[in-house]
Amino acid sequence: DPTSLTVRQVMLTEGKFLTQQLYSMVRQFSELRDQNNNQIDANLAQVNAYAQRSAEINAKLVQANDGATANDLLDQRDNLVAKIAEKVSVSSIVQKDGSLSVFIGSGQSLVLGNKAATLSLASSNTDGAHKNILLDGQDVTKQITGGDLAGQLRFRDEILDPAQQQIGLLAAGAAV
């Protein structure tokens with residue numbers, strides 16, 4: 001009954017309540033995205049630290065003459081590679097000089113000899129809140145597999161993004 005002031009007032013009140021609920025959900029999803037991006041960034045910082053330390057150990061191993069020192073360094077490096085593997089899938093190859101090359105994802109080099117690449121987080125060209133993982137400036141987001149980083153990316157891509165899209169569709173449908 002469009003002529004009833006009571007019915008129109010109830011409709012306006014319910015519409016306002018729906019708008020507030022949608023806004024609250026959008027804000028919560030935004031907070032989840034920020035938390036996820038912060039966790040990804042923290043994991044990247046840890047991987048970078050482990051990779052840098054592995055590169056330093058590689059340099060020491062190439063120079064080491066003492067077998068006991070070399071064994072200690074090998075243990076340290078193996079421990080660092082295991083920590084990297086918790087964050088992202090890794091493969092490694094022992095070089096002739098005793099150094100270890102470490103690769104992540106689908107073969108991107110993280111550590112080569114005494115050099116370590118740097119992982120960073122950058123905003124997507126299309127969405128400032130959507131972050132991509134860069135390896136020395138190259139986007140490797142799609143190549144990240146295994147470990148904490150892959151889990152965080154899957155959460156974002158398979159759960160958070162679709163949920164936000166559904167909320168957007170619901171809001172658009174309610175506006176019509």
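Guide: From the N terminus on, the chain's elements go α-α-β-β-β-β-β-β-β-α. Helices (H or I, at least four residues) and strands (E, at least two) are DSSP runs, numbered from the N terminus. This is a predicted model, where local features need pLDDT of at least 70, side-chain atom pairs count only at pLDDT 80 or more, and totals for chains, interfaces and linings use all residues. Residues are numbered from 1 along each chain as its sequence is written, and side-chain values use heavy atoms, with hydrogens and water left out.

Visitor: How many helices and strands is that?
Guide: Three helices and seven strands.

Visitor: What does the C-alpha trace span along its principal axes?
Guide: About 95 × 25 × 20 Å. The radius of gyration of the chain is 25 Å, while a compact globule of 176 residues would have one near 16 Å. That radius is taken over C-alpha atoms, and the globule rule is 2.2 Å times the number of residues to the power 0.38.

Visitor: What share of the chain is buried?
Guide: Buried residues make up 31% of the 176. Buried means under 20% relative accessible area, exposed over 50%, and partly exposed in between (1.4 Å probe, protein chains only).

Visitor: Which residues have the most contacts inside the largest nonpolar core?
Guide: Leu110, Leu119, Ile133, Ile144 and Leu149, in a core of 28 residues. A nonpolar core is a set of buried Ala, Val, Leu, Ile, Met, Phe, Trp, Tyr and Cys residues joined through side-chain atoms within 4.5 Å.

Visitor: And which elements give two or more residues to it?
Guide: They are α1 (5–63), α2 (67–87), β2 (100–104), β3 (108–112), β6 (131–135) and α3 (147–175). The largest share, eight residues, comes from α1.

Visitor: What is Leu119 in contact with?
Guide: Leaving aside neighbours within four places in sequence, Leu119 touches Leu44, Val47, Asn48, Ile104, Leu110, Ile133, Leu134, Leu135 and Val140. Contact means heavy atoms within 4.5 Å.

Visitor: Switching to strands. Is β2 enclosed or open, and why?
Guide: Five of its five residues are buried, so β2 is largely enclosed by the rest of the structure. Leu100, Val102 and Ile104 point one way from β2, and Ser101 and Phe103 point the other way. In a regular strand, side chains alternate between the two faces of the sheet.

Visitor: What joins β2 to β1?
Guide: Five bridges, with β1 (residues 90–94) running antiparallel to β2. Two strands pair if DSSP finds at least two bridges between them. Ser92 stands opposite Val102. The two strands form a hairpin with five residues between them, and Gly98 in the turn has a positive phi of about 95 degrees.

Visitor: How many bridges join β2 to β3?
Guide: Three, again antiparallel. Val102 has Val111 as its bridge partner in β3. This hairpin has three residues between the strands, and Gly105 takes a positive phi near 60 degrees.

Visitor: What is the strand order in the open sheet of three?
Guide: β5-β6-β7, with antiparallel pairing. β5 (119–123) and β7 (138–139) stand at the edges with a single partner strand each, so one side of each has no neighbour in the sheet. Two bridges join β6 to β7. Leu134 has Asp139 as its bridge partner in β7.

Visitor: What lies across β5 and β6?
Guide: That's α1, running at about 155 degrees to β5. Axes are lines fitted to C-alpha atoms, for helices over the stretch in contact, and angles run from 0 to 180 degrees between N-to-C directions.
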